Amino acid sequence: MVDTERRTGRDETQDERADRMWGELIQEIRVAQTGVQILFGFLLTVVFTPKYDNLAHTDQVIYIVTVVLGSCATGALIGPVSLHRLVSGRRIKPQAVRIASRLTFVGLVLLLTTMTAALLLILRVATHDGWVPWLVTGVVAWYLLCWFGVPLWTRRRHTTQ
């Protein structure tokens with residue numbers, strides 16, 4: 001089949017498209033939610049360990065910021081489920097999908113910042129080395145490439161929209 005013969009769309013109604021997109025979005029959220037919930041659960045226990053009191057003030061601040069970011073990421077990634085439950089049956093699924101998609105994107109950005117802050121804290125406590133910011137920057141660059149760079153490049157290279 002040559003490119004000109006390739007099908008360029010789906011034969012679906014707006015509601016069918018919204019249903020399909022909702023299902024795909026929920027699958028994506030499940031992956032992100034698992035990661036953020038495990039990370040957030042771990043973060044919640046740190047304050048109750050004896051080592052927490054011995055952390056430098058800066059590290060305690062980084063910890064608090066990390067917990068707040070993790071909490072916000074959890075809220076944003078669980079938000080689409082609540083949105084769906086509260087608007088289900090109101091015949092606004094296309095709009096709900098758009099809003100849920102935006103919440104998911106915000107959740108991914110918050111997850112990125114949570115993971116960055118957690119990595120910074122862990123490496124500062126574990127190594128006390130001056131190269132920690134460079135290592136964290138490298139990991140963040142990798143996250144940005146994997147989570148946003150490759151998908152945006154793929155979208156630009158393989159779509160016309």
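Trainee: Which way does α1 pass α2, in what kind of crossing?
Mentor: In this predicted model, α1 passes α2 in a left-handed crossing (the near helix is turned anticlockwise from the far one by less than a right angle; clockwise would be right-handed). Helices are DSSP runs of H or I, at least four residues, numbered from the N terminus.

Trainee: At what angle do the axes of α1 and α2 cross?
Mentor: Roughly 150 degrees, with the axes of α1 (residues 14–46) and α2 (residues 57–87) coming within 9 Å. Axes are lines fitted to C-alpha atoms over the stretch in contact, and angles run from 0 to 180 degrees between N-to-C directions. That makes the two helices roughly antiparallel (over 145 degrees).

Trainee: Which residues make the contact?
Mentor: Among them are Trp22, Ile29 and Phe40 of α1, and Tyr63, Gly70 and His84 of α2. Contact means heavy atoms within 4.5 Å.

Trainee: What are the numbering and the limits here?
Mentor: Residues are numbered from 1 along each chain as its sequence is written. Local features need pLDDT of at least 70 and side-chain atom pairs 80 or more, while totals for chains, interfaces and linings use all residues, and side-chain values use heavy atoms, without hydrogens and water.

Trainee: New topic. What follows α3?
Mentor: His128, with a positive phi near 55 degrees.

Trainee: And where does UniProt place "transmembrane region"?
Mentor: The unreviewed UniProt entry places that feature at residues 29–49, 61–83, 103–125 and 131–153; such annotations may be inferred rather than shown by experiment, and the feature names are shortened and the positions given in the numbering used here.

Technical notes. Angles under 35 degrees count as roughly parallel, over 145 as roughly antiparallel, 65 to 115 as roughly perpendicular and the rest as oblique.
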